[in-house]
Amino acid sequence: MSNDEEEPSGNVSEEPSSQPQKNLLDSIFREDGPMPPAKIWLRFFASALDIVLLIAVSLFIVWKIAIPQSHPGAFEELMELSREMDLSEFMEQWVLADSPQTKLSENLQQAATYAFELQLIIFWLYFALGEAFFSGGTLGKRLLRIRTVSTVTLDKPPIFIGIVRGGTKTFLIFFPIAALLNLCVLFFNKRKQMGHDLLSKTAVVDEKFVNLSPKS
């Protein structure tokens with residue numbers, strides 16, 4: 001009896017692909033895909049609109065409502081100090097508020113610290129609530145018709161993810177060097193995600209071109 005049948009090779013094995021999910025997401029979040037990433041300039045202008053709005057609102061809340069109640073007289077002292085100094089000297093005193101040579105009183109130094117912390121909270125709440133409760137869109141994003149989606153569910157980010165993403169974005173706004181590094185990440189991935197997008201497993205898509213209906 002001739003043995004013409006070849007035995008299957010023992011060194012041939014099928015290894016499960018380690019990148020199916022990654023490849024699937026790359027096919028979804030691409031310019032000609034069903035959820036194309038938002039252009040960088042759209043994201044920039046949306047963020048700029050949000051920041052301008054937040055600065056105006058937070059300054060009013062902090063210095064017209066919160067500070068007069070927690071540190072009486074601090075706002076009046078700040079205005080008096082700004083009239084006595086030119087802009088460069090005033091900014092130097094403000095930045096070096098903890099320095100022994102500063103002209104800021106202890107009350108104004110404490111008010112400045114409190115104001116900074118309160119502004120952080122206001123920014124964080126704004127971004128977190130916008131991401132988690134308003135279909136992944138802050139006011140700036142809604143005006144430019146872009147929104148944040150979860151790369152896990154392809155829907156608006158869950159509440160916890162919105163909180164994490166809002167906090168990360170707030171940190172980046174107040175620390176520009178970190179923001180620059182965060183932006184650089186965008187140029188090294190196919191889905192055009194920034195650092196805080198990758199951290200929170202989200203992506204920002206162009207709502208005008210989103211099409212999740214199957215092609216016939």
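Predicted model: local features only at pLDDT ≥ 70, side-chain atom pairs only at ≥ 80, totals over all residues.

Let us begin with Lys-39, which at 39% relative accessibility counts as partly exposed, where buried means under 20% relative accessible area, exposed over 50%, and partly exposed in between, with a 1.4 Å probe and protein chains only. Residues are numbered from 1 along each chain as its sequence is written, and side-chain values use heavy atoms, with hydrogens and water left out.

Lys-39 forms a salt bridge with Glu-31, the closest N and O atoms being 3.5 Å apart, and by salt bridge I mean a side-chain nitrogen of Lys or Arg within 4 Å of a carboxyl oxygen of Asp or Glu.

Which residue forms a salt bridge with Asp-26? That is Arg-191, with the closest N and O atoms 2.9 Å apart. The pair links distant parts of the chain, 165 residues apart, since Arg-191 lies in the loop between helix 8 (176–184) and helix 9 (195–200), and Asp-26 in helix 1 (residues 20–28); helices (H or I, at least four residues) and strands (E, at least two) are DSSP runs, numbered from the N terminus. Arg-191 is buried at 13% relative accessible area, and Asp-26 is buried at 14%.

Now to the chain as a whole, which has nine helices and two strands, and of whose 216 residues 36% count as buried.

One of the buried residues is Val-205, with a relative accessible area of 0%, and its place is in strand 2 (residues 202–206). Val-205 and Pro-36 are 169 residues apart in sequence, yet 5.6 Å apart in space, C-alpha to C-alpha. Leaving aside neighbours within four places in sequence, the contacts of Val-205 (heavy atoms within 4.5 Å) include Phe-29, Met-35, Ile-146 and Val-210.

Turning to helix packing, helix 3 (residues 74–84) and helix 5 (residues 106–133) pack at an angle of about 105°, with their axes 9 Å apart; the axes are lines fitted to C-alpha atoms, for helices over the stretch in contact, and angles run from 0 to 180 degrees between N-to-C directions. That makes helix 3 roughly perpendicular to helix 5, a description used for angles of 65 to 115 degrees. Helix 3 contributes Ala-74, Glu-77, Leu-78 and Leu-81 to the contact, and helix 5 contributes Asn-107, Leu-108 and Ala-111.

Finally, the surface carries a nonpolar patch that includes Leu-49, Phe-60 and Leu-143, with about 670 Å² of accessible area for the patch together. Such patches are made of residues with over 30% relative accessible area and no salt bridge, nonpolar side chains (Val, Leu, Ile, Met, Phe, Trp, Tyr) being joined within 5 Å and like charges within 9 Å, and the areas come from the Shrake-Rupley method with a 1.4 Å probe, only the protein chains shown counting as cover for residues. The largest share of the patch, six residues, comes from helix 2, where Leu-49 is placed.

How values were computed
Parallel < 35°, antiparallel > 145°, perpendicular 65-115°, else oblique.
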